[in-house]
Amino acid sequence: MAANGNEDERPVRVLIADDHEVNRELLEFVLEETYTVVSAKDGVEALELALQEPLPDIILLDIMMPNMNGYEVCQRLKENPKTRNIPVIFITAAATQENETKGLEIGAIDYITKPITPKIVLARIRNHVAYLKAQRRLTQAQKSEALAQVVTGVAHEINTPVGIMLTAGSFLNEAIGKFEKEVKDNKIDPGALEKFLARASESANLIVNNAQRASELIKSFKQISADQVSEAYRTITLSEYLESILASLGPRLKKARIAVEIDCSPTLQIKTYPGALAQIITNLAVNAIDHAFRPDTDAKISIKVTEADAETLLISFSDNGKGIPQALEAKVFEPFFTTNRNKGGTGLGLSIVNSLATETLQGLIDIEGREGQGARFTLQFKKETPRKKSP
């Protein structure tokens, strides 16, 4: 589920899958006044509709369906990075403890028993929609936090060239005052004039060069911040863009004493949604800063860009930190999963990464790591990202 624009105003899309026409029509009648509803008559059609843009926000699945039963549909949805975070609610006449346990283990979040009671269906859906909207608001808060990182980065990075300009300007002003006094006192000689011109030229060059540097930084940060609050689709030079993203995180990386290296062809250009890419790299970096390293370690983050083929990119984001227990690898992209809740973690950072990777960039992201051996996230997407279809 991607976060685009005002998420609370985006209509919630519900997919209903039931092989009984009467049940489908009843659910459509109950839900379509409030939600956007699409229906499937069997498991195969349900899986096809679940993968179509715009993706459904909630899926109601009958268990006993021809061609492909609800359990199999749910399992395939949870195996696909593009759909694994879509909530699934089973609808069944056989709500035994064994069936409920099996469904929940596969990844369902709720059960509704047949015969269907409209008030119960509406109440269950409303509860889950409230949860979705809360998640969307937290996603927007994450974007605001990422934007705040950019603002902090701007202040930190621009401080150096501005400081040099102030120093050079003060030196030049002092030299001019001293030269004016010598002129008034008729104490000018060729040596003094030559010395003044050399100092003035050096100071002017420092001011101009650092003003250009500050201007480039402002332009770069302005573009990243604009990308992160919009869905611009444009061509970028990837190495430059990655460097700008990491520069915006400079203060946090420096405070945490984390070295960063980027391995990317300086001429590689891609056509994509740079805001989504900036958010992904930012969230991965913040996740590494907050979770990856033990105190007093030689911390390092590496970003390596390779081409899987002529059309496909692989961006590897790795660290040499604590690693991830194998039992947790399958959970890291789940909404609200965090090992840092006591320190204010929301558990949404990597969930947002997964949504942006699969929905906005229409690619894949995987994780691999071993405890004590660091972690590696691999993002795969097209060098020319397909444009998203409008809802």
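A salt bridge is a side-chain nitrogen of Lys or Arg within 4 Å of a carboxyl oxygen of Asp or Glu. The views below show a predicted model, in which the count by this rule comes to eleven salt bridges.

View 1. An α-helix has 3.6 residues a turn, so residues three or four places apart point the same way. Glu72 is partly exposed, with a relative accessible area of 31%, and Arg76 is also partly exposed, at 38%.

**View 2. Lys181 and Asp185 form a salt bridge**. The closest N and O atoms of this pair are 3.1 Å apart. Lys181 counts as exposed because its relative accessibility of 53% lies over the 50% limit. Asp185, at 35%, counts as partly exposed.

**View 3. A salt bridge joins Glu307 to Lys383**. The closest N and O atoms lie 2.7 Å apart. The pair links distant parts of the chain, 76 residues apart: Glu307 is in strand E9 (residues 299-307), and Lys383 is in the segment after strand E12 (375-382). Glu307 is partly exposed at 47% relative accessibility. Lys383, at 18%, counts as buried, because buried means under 20% relative accessible area.

**View 4. Asp18, Asp62 and Lys114 belong to one network of salt bridges that share partners**. Lys114 sits in the loop between strand E5 (110-113) and helix H5 (118-184). A polar contact of 3.2 Å joins its side chain to that of Asp62. Not counting residues up to four places away in sequence, Lys114 touches Asp18, His20, Asn23, Asp62, Ile91, Thr92 and Ala93. Side chains of opposite charge can pair when their charged atoms come close.

**View 5. Leu238 and Leu379 touch the most other members of the largest nonpolar core, which has 48 residues**. At least two residues of this core come from each of helix H7 (238-248), helix H9 (274-292), E9, strand E10 (312-319), helix H10 (349-360), strand E11 (364-369) and E12. H9 supplies the largest share, eleven residues. Leaving aside neighbours within four places in sequence, Leu379 is in contact with Leu277, Ile280, Leu313, Leu314, Ile315, Ala357, Leu361, Leu364 and Ile365. A second, separate core of 23 residues includes Val38, Ala46, Ile59 and Tyr71. In soluble globular proteins, nonpolar side chains tend to be buried together.

**View 6. Helix H2 (residues 43-50) has its buried residues at Gly43, Ala46, Leu47 and Ala50**. These residues lie on the same side of H2, because they cover an arc of only 95° around the axis. The buried residues of H2 pack against strand E1 (13-17), strand E2 (36-40), strand E3 (58-62) and H3. At the start of H2, a side-chain oxygen of Asp42 comes within 3.2 Å of the backbone nitrogen of Val44.

Terms used
Residues numbered from 1 in each chain as written. Predicted model: local features only at pLDDT ≥ 70, side-chain atom pairs only at ≥ 80, totals over all residues. Heavy atoms only, no water. Helix = DSSP H or I, 4+ residues; strand = E, 2+ residues; numbered from the N terminus. Polar contact = N/O pair within 3.5 Å; in protein donor to acceptor, adjacent residues only side chain to side chain. Contact = heavy atoms within 4.5 Å. Buried < 20%, exposed > 50% of the residue type's maximum accessible area, 1.4 Å probe, protein only. Core = buried A, V, L, I, M, F, W, Y, C linked by side-chain atoms within 4.5 Å. Arc of directions from axis to C-beta.
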